[in-house]
Amino acid sequence: MIGYSPLQSGLLTDRFSQSRMATLPENDWRRRSSEFKPPRLGRNLALRDALRPIARRHDTTVSAVAIAWILAWPGVTGAIVGARTPEQVDGWIGAATLELSLTDLDEIARAVGQTAAGGGPALPR
């Protein structure tokens, strides 16, 4: 199985913000997506913020943590991640070797529940 868009089209990156959302071009599809409008935008950004301490502990990026979380699920063999610049790739390429601990996975599951971002199971076991 391959995970699609583990960065939630940019939401789960260090650089996305409500102010960046306001500056997206009018023809950007994200302006029409419910995931990028309140209240979901706030929930998604709160989840992103909850990933920051985990990223700091592993000396990596939020993007790498989000991708590593997808790769931690049983049966997942890859993730489709898009990048527009080489710098974006540099921000998440380490996810392939990032091993999240059970503590990290529990912390992410709690964050998913507390923020009400996304749906479905939150703990890969």
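Modeller: Start with R48 and D49. In this predicted model, their side chains form a salt bridge, N to O at 2.7 Å. R48 is buried, at 5% relative accessible area. D49 is partly exposed, at 35%. The pair belongs to a network of salt bridges that links D14, R48, D49 and R52.

Next, take D104 and R57. Their side chains also meet in a salt bridge, 3.0 Å from N to O. D104 sits in helix α5 and R57 in helix α2, so this pair ties together parts that are 47 residues apart in sequence. D104 is buried, with a relative accessible area of 2%. R57 is partly exposed, at 48%.

Then comes E26 with R31. This salt bridge spans 3.9 Å, N to O; the cut-off is 4 Å, so the pair counts. E26 is exposed, at 64% relative accessible area. R31 is partly exposed, at 23%. Across the whole structure, the search finds eight salt bridges.

Helices α2 and α5 matter for one more point: they are among the elements that cover the buried residues of α3. The cover also includes β1, β2 and α4. Nine of the 10 residues of α3, residues 62-71, are buried, so this helix is largely enclosed by the rest of the structure. Among the buried ones are V62, I67 and W69.

A96 lies in the loop between α4 and α5. A96 is exposed, at 66% relative accessible area, whereas I67 is buried.

Methods
Residues are numbered from 1 along each chain as its sequence is written. This is a predicted model: local features need pLDDT of at least 70, side-chain atom pairs count only at pLDDT 80 or more; totals for chains, interfaces and linings use all residues. Side-chain values use heavy atoms; hydrogens and water are left out. Buried means under 20% relative accessible area, exposed over 50%, partly exposed in between (1.4 Å probe, protein chains only). Helices (H or I, at least four residues) and strands (E, at least two) are DSSP runs, numbered from the N terminus. Contact means heavy atoms within 4.5 Å.
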